[in-house]
Amino acid sequence: MNAGADQGTNTVRATVVQACTVFYDTPATLDKAEKLIAEAAGYGSQLVLFPEVFVGGYPRGSTFGLIIGHRSAKGKEDFRKYHAAAIDVPGPEVTRLAALAGKYKVFLVMGVVERAGYTLYNTVLFFDPVGKYLGKHRKLMPTALERVFWGFGDGSTIPVYDTPLGKIGAVICWENRMPLIRTAMYAKGVEIYCAPTADPMPSWQASMTHIAVEGGCFVLSANQFCRRKDYPPAPGYTFGGLDEEPSSESVVCPGGSSIVSPSGTVLAGPNYEGEALLTADLDLGEIVRAKFDFDVVGHYSRPEVLSLTVNTDAKVPVSFTSAADRTSAAESDGLSRT
């Protein structure tokens, strides 16, 4: 932690949480989240970011019994348990998270597994320091097998929130490899770019540094640090794709959380050693200095050559209309023409 730094209006103290879900136990996960939020608030942090799907968990190693043309009974039961650990948005867990943000007076950015009926989404929730739920971002494109157990987000949940700390938004895991969603975030003016992830690979750090420089923004990346013992024991939960079942102490996700400045300077991390809180002071003046060199959607853009259109409409599979609705719409249209 950069202790003693100026905490004036142009400096934001931010904490990235690197910790593991209590798998299949959402109440215990929320209890753990509160302890971590309290600790971060004790450092004077104003913004706290948690990893991808911290509430609900990242089902690392699970195959959900999938083979092309077949789904096993155990895999379906695994999904039932995973579905049960997810949360409704809104719902009681969202209410509790809002209360925690208010209690500890922090902006809270939390990765969750969102349950919408029988479909699950990889979602990030945003809360302000007065205990208000601000909204959510759903992951647009789940990666590889994730597409089987998570639904796809749409353009209606790509928010950037204008807060007293700066403009805050989130892009989840390998969405960050999608140039067009990054461009949309830059166009919305994101200044504190949150990148919760499940990717511990060294190449991830290159992406975080590139995005910070490309966007002229602070990038906060949070990943879980998990050992095999953090997941349910075998044979109830097994890790597919490995030659043998990992030992209890085996690290199955080594973290790599970090904080990067708009100049590409790594302010905290990457940490591959264990559960941790990574805290840094963000000098917002760095954003302006970086934009002087390169403003990707400003003076460095060429809209007459390259442009992007983002569809922000919500996509629904079924729409219901009635004769009364059509009559009302026609009458309204008639009035508008007179």
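Which residue with a positive phi follows α5? Gly 189 comes after that helix, and its phi is near 85°. The model described here is predicted.

## Helix α5 and its cover

Helix α5 covers residues 179-187, and its buried residues are Ile 181, Arg 182, Ala 184, Met 185 and Tyr 186. Among the elements that cover these buried residues are the strands β8 (133-138), β9 (160-163), β10 (166-170) and β11 (192-196). Helix α6 (202-215) is also part of that cover.

Helix α6 holds Gln 205. Gln 205 has a relative accessibility of 15% and therefore counts as buried, the cut-off being under 20%. Beyond its neighbours within four places in sequence, Gln 205 is in contact with Gly 256, Ser 258, Pro 270 and Tyr 272.

## Packing of α1 and α3

Two packed helices are described by the angle between their axes and the distance between the axes. For helix α1 (residues 26-42) and helix α3 (residues 92-104), the axes come within 10 Å and cross at roughly 15°. Angles under 35 degrees count as roughly parallel, so α1 and α3 are roughly parallel to each other. The crossing of α1 past α3 is right-handed.

On the α1 side, the contact is made by Thr 26, Pro 27, Leu 30, Asp 31, Glu 34, Ile 37, Ala 38 and Ala 41. The α3 side contributes Glu 93, Arg 96, Leu 97, Leu 100, Lys 103 and Tyr 104. By type, the residues of this contact comprise eight nonpolar, one polar and five charged.

Ala 14 sits in strand β1 (residues 11-18), and with 0% relative accessibility it is classed as buried. Apart from neighbours within four places in sequence, the contacts of Ala 14 are Ser 45, Leu 47, Leu 220, Ile 259, Leu 278, Thr 279, Ala 280 and Leu 282. Between Ala 14 and Arg 80 there are 36 Å in space, C-alpha to C-alpha, for a separation of 66 residues in sequence.

Ser 257 belongs to strand β15 (residues 257-260). Its relative accessible area is 0%, so Ser 257 is buried. The side chain of Ser 257 reaches the backbone nitrogen of Asn 223 at 2.8 Å. Not counting residues up to four places away in sequence, Ser 257 touches a set of residues including Val 16, Val 17 and Gln 18, together with Ser 221, Ala 222 and Asn 223. Ala 268, Gly 269, Pro 270, Asn 271 and Leu 278 also touch Ser 257.

## Cis peptide bonds

Ala 234 and Pro 235 are joined by a cis peptide bond with omega of about 5°. Pro 235 is located in the loop between β13 (225-227) and β14 (251-254).

Another cis peptide bond links Gly 269 to Pro 270, where omega is about -5°. Pro 270 is part of strand β16 (residues 266-271). Pro 270 is also among the contacts of Ser 257 and of Gln 205.

## Positive phi outside glycine

Lys 105 is a residue other than glycine with a positive phi, near 55°. Lys 105 occupies the loop between α3 and β6 (107-116). Its relative accessibility is 61%, so Lys 105 counts as exposed.

Ala 144 likewise has a positive phi, near 50°, without being glycine. The loop between β8 and α4 (146-149) contains Ala 144, and a relative accessibility of 53% makes Ala 144 exposed, the cut-off being over 50%.

Methods:
Residues are numbered from 1 along each chain as its sequence is written. This is a predicted model: local features need pLDDT of at least 70, side-chain atom pairs count only at pLDDT 80 or more; totals for chains, interfaces and linings use all residues. Side-chain values use heavy atoms; hydrogens and water are left out. Axes are lines fitted to C-alpha atoms, for helices over the stretch in contact, and angles run from 0 to 180 degrees between N-to-C directions. Helices (H or I, at least four residues) and strands (E, at least two) are DSSP runs, numbered from the N terminus. Angles under 35 degrees count as roughly parallel, over 145 as roughly antiparallel, 65 to 115 as roughly perpendicular and the rest as oblique. A crossing is left-handed if the near helix is turned anticlockwise from the far one by less than a right angle, and right-handed if clockwise. Contact means heavy atoms within 4.5 Å. Ala, Val, Leu, Ile, Met, Phe, Trp, Tyr, Cys and Pro count as nonpolar, Asp, Glu, Lys and Arg as charged, and the others, Gly among them, as polar. Buried means under 20% relative accessible area, exposed over 50%, partly exposed in between (1.4 Å probe, protein chains only). A polar contact is a pair of N or O atoms within 3.5 Å; within protein, one must be able to donate a hydrogen and the other to accept it, and residues adjacent in sequence count only if both atoms are side-chain atoms.
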